[in-house]
Structure formats: C-alpha cells, structure tokens
Amino acid sequence: MSVKLMAKAWEMDLSQGEKLVLLALCDHANDDGVCYPSQEYLAQKCSMSPRSLIDQINKLKKYGILTTERRQKSGGRQANLYVINLDNFSQSANSAPANSACENSAHAEFAPTNVQITAELPANFALSFKEEPSKNHQLEPSIIGTGVADAPTVPSEQVKKSKQANPDNVACWESYARAYRDRYGVLPAANQKTRGQVATLVRYVGKEVAPSLAEYFVSHNDSWFVKSRHGFGCLLQNYQQVLTDMHRGEQMTQINAVKPSVKDVPHHTEGGRLSW
C-alpha cells in the first residue's frame with residue numbers, strides 16, 4: 001500500500017466511482033505506482049459490477065493517470081499490470097478532446113424523457129474542475145401525483161351514525177349490568193370482547209328476548225355459572241340452557257336431570273309424527 005499515492009488521490013477532483021477505483025489501486029500499489037490486482041477482486045472491493053469497474057478504469061486511463069499492461073504466462077492469462085502516475089492528471093485534463101462536450105450532449109439529446117442520466121461525466125467536461133451538485137430533473141411529486149384517486153369524503157352524519165352503538169345491544173347490556181351490580185355489588189367489565197359477545201347473543205335469541213335472558217342469567221345458581229361469576233361469555237356458551245330454564249320457570253339441577261317429568265315427554269299426533 002502506498003500511503004503517498006493514496007493521500008494525493010484523496011485530493012484529486014474525480015467522480016465517486018473513479019476515485020473509489022483509484023484508491024483501491026493505490027491500496028495495492030507500491031510507491032512507484034505499480035500493482036496487479038485482479039479485476040474480480042477490485043470489483044468486489046469497490047462494490048460494483050465488473051462492467052462498471054472497467055468503465056472507471058477506462059476513464060482513469062483517459063485522464064492519463066493510469067496505464068495497463070496485459071500479462072501472459074504459460075498456461076493462461078494473469079491479472080493486468082497497473083501503473084499509476086498521478087502527476088499526469090492536470091496535463092491530460094487540459095489536453096482532452098474539444099468535442100467531448102458535444103458527444104455528451106448528443107447522448108443526452110437521445111436519452112428518454114424524464115429519466116435521470118446516471119452516467120458520470122469526466123472531470124474535464126466542464127470549464128471548471130469542480131463538479132456541479134447533482135440535480136434531479138425528475139418531476140416534483142406534487143406535479144406527478146400518486147396516480148391514485150383521492151378517497152371519497154364521508155359525510156360527517158354518516159361517520160357519526162357509524163360510531164353510535166346498536167340500541168338493541170345497549171338494552172341487553174344494561175339489563176345484564178344492572179342485575180350483575182345487584183348481585184355482586186360491582187359493574188361487569190365492558191370492553192370490545194364483551195361488546196362482541198352481547199351482539200352475538202342478540203343475534204342468536206333476538207332483540208326482544210336478549211335483555212330479559214341476560215338479566216335472568218345473573219340470577220341463575222348453576223354451580224358453573226356461580227363459579228365463573230356469571231361472566232357474559234358463560235351465558236353465550238350456555239344460552240340455550242339458560243333460555244330453556246327461563247321459559248320453564250325453573251333451574252335444572254342434577255336431581256331433576258336424572259328423571260324427566262311427564263311434561264318433558266313430547267306429544268304425538270296422528271300418523272306417529274312429533275308435534276314441535
């Protein structure tokens with residue numbers, strides 16, 4: 001590694017890609033500027049494709065600060081020999097072809113519209129060695145637009161209506177909450193989960209039955225209901241049992257469940273079909 005060459009390369013007015021390749025070569029060169037790293041290794045070290053590496057090397061050769069020599073050995077080709085001469089840079093910059101600007105202008109003329117040209121210009125392209133700040137000539141976002149139509153404005157009345165709770169669900173919950181407070185002295189937890197459970201129960205049994213069923217459930221002394229503190233989820237899981245007990249005016253116990261009463265036996269009609 002030649003520290004002397006690297007220090008001088010840092011001060012040179014080159015593009016990013018050109019300077020990166022030059023620094024990589026100086027990192028392998030001796031103080032005489034001689035090195036022979038492979039192109040594959042240089043491309044990997046500079047994080048660029050082999051094609052881009054070759055382009056940058058050709059630019060450095062055009063400026064006169066780099067020369068290459070093919071090396072051949074019996075049995076195959078070896079990596080090129082590179083000789084770095086940074087003192088030639090100012091001389092080659094002043095002797096650049098006068099038509100280089102015209103050539104670049106011709107390429108730009110046939111470039112696709114609204115496409116930013118990413119090819120880097122040589123340092124001697126402009127009158128000054130200082131590169132102009134890159135400018136993005138693409139259209140501003142405000143001009144291009146997103147290409148997606150704006151979402152339609154929702155009337156405020158419609159938004160307000162969508163946020164209002166279903167009155168049937170509210171009536172069911174209030175009946176349940178009052179009965180729960182009377183039994184346990186506290187109000188039940190109201191959250192998104194319980195609201196969904198209430199809406200499901202109203203859909204299952206109907207808005208006319210749901211409030212009275214929820215109130216009756218809190219008074220039910222089934223051991224499982226009491227153990228679960230009459231949670232609304234328990235009612236939803238056993239709504240058919242609670243509904244039956246409410247309509248019959250009795251609560252099913254283990255003794256009653258052993259032997260059904262006479263009224264539990266379905267009645268038959270003529271033809272042997274059950275009447276429901």
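Predicted model: local features only at pLDDT ≥ 70, side-chain atom pairs only at ≥ 80, totals over all residues.
Me: How many aromatic pairs does the structure hold?

Reply: Two rings pair if their centres lie within 6.5 Å. By that criterion there are 7 aromatic pairs here. One of them joins W173 and Y176, with 5.4 Å centre to centre and 45° between the planes.

Me: Where in the chain do W173 and Y176 lie?

Reply: Both are in helix α9, which covers residues 167-184. They are 3 residues apart, about one turn of the helix. W173 and Y176 are both buried.

Me: Why is the pair of W173 and F232 called tilted?

Reply: Planes under 30 degrees apart count as stacked and over 60 as edge-to-face, with the rest tilted. The planes of W173 and F232 stand at 45°, so this pair is tilted. Their ring centres are 6.2 Å apart.

Me: Which parts of the chain does that pair link?

Reply: Distant ones: W173 belongs to helix α9, while F232 belongs to helix α13 (residues 232-237). The two residues are 59 residues apart.

Me: Is W173 buried or exposed, and what is its relative accessible area?

Reply: Buried means under 20% relative accessible area. W173 has 18%, so W173 is buried. F232 has 4% relative accessibility and therefore also counts as buried.

Me: Which residues do ring pairs link into a cluster with W173?

Reply: The cluster consists of W173, Y176, Y180, Y184 and F232.

Me: Which residue lies over the face of Y36?

Reply: Here the partner of the ring is a charge. R71 lies over the face of Y36, 4.5 Å from the ring centre.

How values were computed:
Residues numbered from 1 in each chain as written. Heavy atoms only, no water. Phe/Tyr/Trp six-rings, centres within 6.5 Å; stacked < 30°, edge-to-face > 60°. Helix = DSSP H or I, 4+ residues; strand = E, 2+ residues; numbered from the N terminus. Buried < 20%, exposed > 50% of the residue type's maximum accessible area, 1.4 Å probe, protein only. Lys NZ or Arg CZ within 6 Å of the ring centre and 35° of its normal.
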